[in-house]
Amino acid sequence: MTTQTQTRVLTCIQCGKCTGSCPESGRTPFNIRMLMRKKQFQSGIEESIPWYCTSCGACTIRCPRDVKPSEVIIEMRSAFVEDGEIPVAIQKALENTFVQKNPWGRSRAKRGAWSEKMEIEIPHVSETQSKRLLFTCCIQAYDPRCMVIPVNVATILNKGGVEFGVLGEEEACCGNEIRRIGESGLFEELQEENKAAFEEYGVKEIIALSPHCMNTLKKEYGDLGIKISHYSEIVAAMIKEGSIVPKEPYNKKVIYHDPCFLGKQNNIFDEPRSILNAIEGLELLEYSRSRENSMCCEGGGGRMFFEVEATYQRNAEVRVQEAVDKGAEEIVTSCPFCVMTLEDPATEKGIKVKELSEILMEVL
Amino acid sequence: MSYALVVAEVRRGVFEERNLDSIGICALLGQDSILLVPEGDYAVSEQLVNGLIRAKAEEAVVLNPLNMVNILEKVMAARGKPDVIVFTNSASGTELASYAAGYFNLPVITDVNSYDKEQGIFYKSYYSDKIFGEFRPSGEGTFIVTVRSGSFREFAVDKGSAPSVETIEDVTVNAARTFVEYVEEEKTDVDITKADFLLSVGRGVGNKDEIPDYEELAGLLKAVISGSRPVIDKLWLPKARQVGTSGKTVKPKVYLAMGISGAFQHIAGMKDSDCIIAVNKDPEAPIFQYAHYGIIADIHKVRDKLKDILKA
Amino acid sequence: MNLIVFTKRVPATQEEELRITGEGKAVDLSKVPFKVNDWDNYSVEEAVRIVEKTGGAVTAVSIGDAESDEVLRRAIAMGAKDGFLVETGDVLHDPNARATLIQNFLKKENVPFDAIFTGVQSEDDQFGAVGGILAAKMGLPFVSMVIGIDAFESDHVIARRELEGGLQERVKVMLPCVISIQTGINEPRYVSIMGVRKASKVERKVFKAADYQENVVSKIEAVKWVYPPKKTGATILSGELDGACKELLGILKEKGVYQ
């Protein structure tokens, strides 16, 4: 039985554009061009190699032959998953997701806890008129550092009069990372569960807090007949219409880091920038590699749950160094994984990492 | 005459400290404690119990459940049935207790952590230690308990006089299970998941040059050194020592975290440790939410002070 | 080698806040997700690995409600040949009762075995006694806390037991016997959702616990369920550095990790 990806690799001309774009190449044993070659010849692949991929998508975007190397990687991982031969940390993330519907294994019952502590009441999406759903995302539901993001965005939407609701504990992991890890069976289950909830409550629109969630809901859940956007798109529009107004100044030099899943994979570059540019006093700096060329923070593709064997200078460190060299006081980004991966090296260099909503909350 | 039979755990010539918990519960049960011990040269504070039964068999024989039940048969034949048989809740204690329960058809409650005298109720943990079950043996007759280490030892008091002594001879040795040898943990391979005491260092350590001093402290405390992800990423400690979601999950008796802020992914790897002690100069560090004890201070200063005290 | 492995479906309570209802009568597990008992997962993996080497078959048995079929499918996905469900109504807390039920079942159904594997304990009741009770009742030798099986010969097993403080003891046990498996003995393979779906094609035989009730009697009673004493936040050791450090050492001594 030939799979789609198996036939696609046969069109690969080994041009090396993929490896040239890959954030892992040159510093780790991961060489995507070579992997495509091996797949062409159906040679064996060392089991640790496919796990380096961060799912940034650069290879697939740039490939002149539409080989879709990122999909081939997922297929390779699938084979290991079905054999049961995967790193323990990945196993744990998958098993946690199966039991508690989030890879951290935190209690499903507490998924909506962030909204309960707020002063404004966050309704269940079924109780709203607009049937507009704010899709929280696992890391933002449970991680103390990221929990501020849904709180912020909920506050901002509320301020601007945008009605929305949540699913609370009925929300399951979107499955973006799960699919990229190669557990297609589990991805299907998550997808079914979420889809059933969307249908049951007549969800008409989804605002995703994480670009990863947005990506899979928009592109991998099939035709839901639901409008799906990242919150930055909504907030940028709100500022444009004047329903929220950044009043306070923010006199800092801030450099914006384009997340892969928001930027290069979904072409959302301008909205976060328009939000930042609407803030008085904020001097927006750009990385030398920005927008489509943005450097992957290495948080995707399962890398949040799993540490690769090779030790090398992480992209996050390089990013932080450049921010410091350019004189930035803060790095701002609009993806929770980027926030987490950049924050470690940033704290060391004495520079802060802010999520977009955190800056907004200070100026509205 | 009612009595509580305490089956002592003696291993490699050491009368294990957790036996004190077994002796302690007898006081709460209002029973005379009769301690069953193997042959051998080891120290035991005999005055903590009312009676001593020396089984004429070496440790390895006595620790074997197949032989233990025969010894218990002999004890009961000589002394009559005890009201309760107490074992330690340890690898061997639970093994012996469960086998004896099956052999003699007796009720058994394991891992007892407290006892209510008034109601005659034993407390035991359920559901990841989130709930306590109140248990009682149904009906009369001998029953078996294993006691959690550290739960009752304050009740083990000196009786003020030497205990009565009996011996059990002719212990039958069952060939269906035999002791081969002890195997020590290999010192070269560090498995932090097996350590009872971890001294874990985080980003707060500052730089690589400080690590040897922390290793020295770990040595003095007989702790195994481990670290959070930033420390491993920088190669200050090897990967095998990483605690966290992408490292190892540990549940030591004591987790001493120095200079670790308590990032979510780290906490996930150690939050079930019995006792978490955090040292950090930031009072807002999230780790203090998970720790049982904390010191808000510069970790280098704490390290140096501890070393001074230990070396004195 | 014919190996019987017991596997249990347990509530995943690690992360949950549990509620006691009816003034201590019951614990509300209605919203708690369920999973395979961690120890049993290692146990199934170990049995499958042994049989992969020696030939023979692994039979997975679960004592529980109808939903326990889940853990049997999982065991089959890992390599067990058969799955038997002994369906119970109410939960049997008492390890004596459970062991007797198992003994009756194995005898009546004449399930052949060279060894019986159990997990050291289950995550829900944490009793850790069924294996030992079963072995004694069946007149079989018993070895618990097994962290490594060094040899599995036709008539005996050489196993290593995990003791405290990193020490292990090696013992020789004649077959047939009962072995309780400790976590960490191996690295269990991952079972994918598709793998479990495939396993669903293998028939799991269902038996009724009611047919094996001879002498199944609870020897202990669960009087009530209560919450453990509340833990407060971190106790900060304050004051002078010297004092705080000495207090710290005192805590270490109390916990038994430092003498």
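Me: How do I read burial, and what share of the 312 residues of chain B count as buried?

Reply: Burial is a count of neighbours: a residue is buried if 20 or more other C-beta atoms lie within 10 Å of its own, exposed if 12 or fewer, and partly exposed in between, with C-beta atoms placed from the backbone. In chain B, 52% of the 312 residues count as buried. Please keep in mind that this is a predicted model, where local features need pLDDT of at least 70 and side-chain atom pairs count only at pLDDT 80 or more, while totals for chains, interfaces and linings use all residues. Residues are numbered from 1 along each chain as its sequence is written, and chains are lettered from A and ligands numbered from 1 in the order in which they are written.

Me: How many helices and strands does chain B have?

Reply: Helices (H or I, at least four residues) and strands (E, at least two) are DSSP runs, numbered from the N terminus. Chain B has 9 helices and 17 strands. Its C-alpha atoms fill a box of roughly 65 × 45 × 40 Å along the principal axes.

Me: What do contacts tell me about chain B?

Reply: Two residues are in contact if their C-beta atoms, placed from the backbone, lie within 7 Å. Take the contacts in chain B between residues at least 6 apart in sequence: 62% of these join residues at least 24 apart.

Me: How many residues of chain C are in contact with chain B?

Reply: On the chain C side there are 73 residues, in contact with 66 residues of chain B. Several elements of chain C each supply at least two residues to that side, among them helix 3 (95-108), strand 9 (142-152) and helix 6 (241-254). Helix 6 of chain C gives the largest share, 9 residues.

Me: Which classes of residue make up the side of chain C that touches chain B?

Reply: Ala, Val, Leu, Ile, Met, Phe, Trp, Tyr, Cys and Pro count as nonpolar, Asp, Glu, Lys and Arg as charged, and the others, Gly among them, as polar. On this side of chain C, 41 residues are nonpolar, 15 polar and 17 charged.

Me: In which sense do strand 9 of chain B and strand 14 of chain C pair?

Reply: Two strands pair if DSSP finds at least two bridges between them. Strand 9 (residues 131-137) of chain B and strand 14 of chain C run in the antiparallel sense, over 6 bridges. To find one of the partners, look at B:Phe132, whose bridge partner in strand 14 of chain C is C:Val226.
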